[in-house]
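Please keep the sequence and the structure in view while reading.

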Amino acid sequence: TFLVIIQARGASKRLPRKNILNLCGKPLVAWSIEAGLKSKYVDRVIVSSDDDEILKIANKFKADTIKRPVELAGDTSSTFDAISHTLNNIDSYEYVILLQPTSPLRDNKHIDDAIEFLEEKNADSVISVCETDHSPLWSNTLDDNLSMSSFIKNDVLNKRSQDLKKYYRLNGAIYICKIDKLIQEKGFFLKKNIFAYKMNRENSIDIDEEIDFKMCELILS
């Protein structure tokens with residue numbers, strides 16, 4: 001049995017009230033609700049929020065809701081604590097799927113694929129990733145002096161980008177975990193039996209600021 005939890009806070013620093021912004025005709029959070037509800041395998045979709053307007057939108061789009069206490073909705077609140085709050089207040093399920101509302105281009109097909117991949121691997125946890133835009137081997141920190149004398153390692157310096165190893169990053173779109181393991185290890189990143197579900201970069205846009213929002217609008221239109 002698969003439970004989807006969508007955690008949508010009222011406050012957001014860089015893009016105010018982003019979870020309810022109108023993205024191509026519907027509030028941002030609605031894209032994830034619909035993706036969860038359209039999945040072949042998902043049994044229930046719950047939106048957890050401290051914000052009444054978000055809860056009202058969630059109901060309108062046919063999700064169940066749970067009011068999150070203010071102390072679990074601050075900038076320093078952990079995802080795990082908010083998920084535990086939801087799990088403690090509902091019936092039990094075998095797996096939880098966390099869908100962040102800021103990934104509107106992840107749809108029901110991605111969710112179904114990730115669940116099928118979880119079953120194929122007989123995994124306890126699956127987390128979505130995408131290829132990095134640029135190789136981290138071309139990155140480094142800089143000191144106050146801005147010296148670049150050892151910025152890039154010699155063995156990387158003369159390589160073409162296509163000759164470098166592929167790197168992947170978390171894209172924030174899908175987190176699936178067996179609930180008993182999640183509670184035991186206090187998070188989705190288990191010590192073992194955890195696998196990466198690969199997504200393309202286009203579907204991996206995570207809305208953090210206005211430029212991400214505009215990119216999503218462009219792709220969706």
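The accessible surface of the protein is about 12,500 Å², and carbon and sulfur atoms hold 48% of it. Such areas come from the Shrake-Rupley method with a 1.4 Å probe, and for residues only the protein chains shown count as cover. The model is predicted, so local features need pLDDT of at least 70 and side-chain atom pairs count only at pLDDT 80 or more, while totals for chains, interfaces and linings use all residues. Residues are numbered from 1 along each chain as its sequence is written, and side-chain values use heavy atoms, with hydrogens and water left out.

**Overall form**

Seven helices and nine strands make up the secondary structure of the protein. The radius of gyration is 19 Å, close to the 17 Å that the globule rule gives for 221 residues, so the protein is as compact as a globular protein of that length. Here the radius is taken over C-alpha atoms, and the globule rule is 2.2 Å times the number of residues to the power 0.38. Helices (H or I, at least four residues) and strands (E, at least two) are DSSP runs, numbered from the N terminus. Along the principal axes, the C-alpha atoms fill a box of roughly 55 × 40 × 35 Å.

Of the 221 residues, 47% are buried. Buried means under 20% relative accessible area, exposed over 50%, and partly exposed in between (1.4 Å probe, protein chains only). Among contacts with a separation of 6 or more, 73% join residues 24 or more positions apart; a contact means heavy atoms within 4.5 Å.

The protein has 31 positive and 34 negative charges, and their mean positions are 2 Å apart. Lys and Arg count as positive and Asp and Glu as negative, without His and the chain ends. Each charge is placed at NZ of Lys, CZ of Arg, CG of Asp or CD of Glu.

Which residues of α3 are buried? They are Phe80, Ala82, Ile83, Ser84, His85, Thr86 and Leu87. That is seven of the ten residues of this helix, which spans residues 79-88 and is mostly covered. The cover over these buried residues includes β1 (2-7), β4, β5 (64-67), β6 (95-98) and α6 (179-185).

Leu3 lies in strand β1 and is buried at 0% relative accessibility. Among the residues that Leu3 touches, leaving out those up to four places away in sequence, are Leu87, Arg44, Ile46 and Tyr95. Leu3 and Leu98 are 95 residues apart in sequence, with 8.6 Å between their C-alpha atoms.

**Strand β8**

Tyr175 is placed in strand β8 (residues 168-178) and is buried, at 12% relative accessible area. Its contacts beyond four places in sequence include Val96, Ile97, Leu98, Val126, Ile127 and Phe188. Between Tyr175 and Trp31 there are 17 Å from C-alpha to C-alpha, at a sequence separation of 144 residues.

**Residues in loops**

| Residue | Relative accessible area | State |
|---|---|---|
| Asp51 | 13% | buried |
| Thr132 | 17% | buried |
| Asn122 | 60% | exposed |
| Lys62 | 65% | exposed |
| Lys186 | 59% | exposed |

Asp51 lies between β4 (42-49) and α2 (52-60). A polar atom of its side chain is 3.0 Å from the backbone nitrogen of Ile54.

Thr132 is in the loop between β7 and α5 (154-157). A polar atom of the Thr132 side chain lies 3.2 Å from the backbone oxygen of His134. Not counting residues up to four places away, Thr132 touches Tyr167, Tyr168, Arg169 and Arg201.

Asn122 is found in the loop between α4 (108-121) and β7 (125-131). Its C-alpha atom is 9.9 Å from that of Phe195, which is 73 residues away along the chain.

What is the phi of Lys62, which is not a glycine? Lys62 has a positive phi of about 75°, and its place is in the loop between α2 and β5. Lys186, also not a glycine, has a positive phi of about 55° and sits in the loop between α6 and β9 (194-198). Most residues other than glycine have a negative phi.

Technical notes. A polar contact is a pair of N or O atoms within 3.5 Å; within protein, one must be able to donate a hydrogen and the other to accept it, and residues adjacent in sequence count only if both atoms are side-chain atoms.
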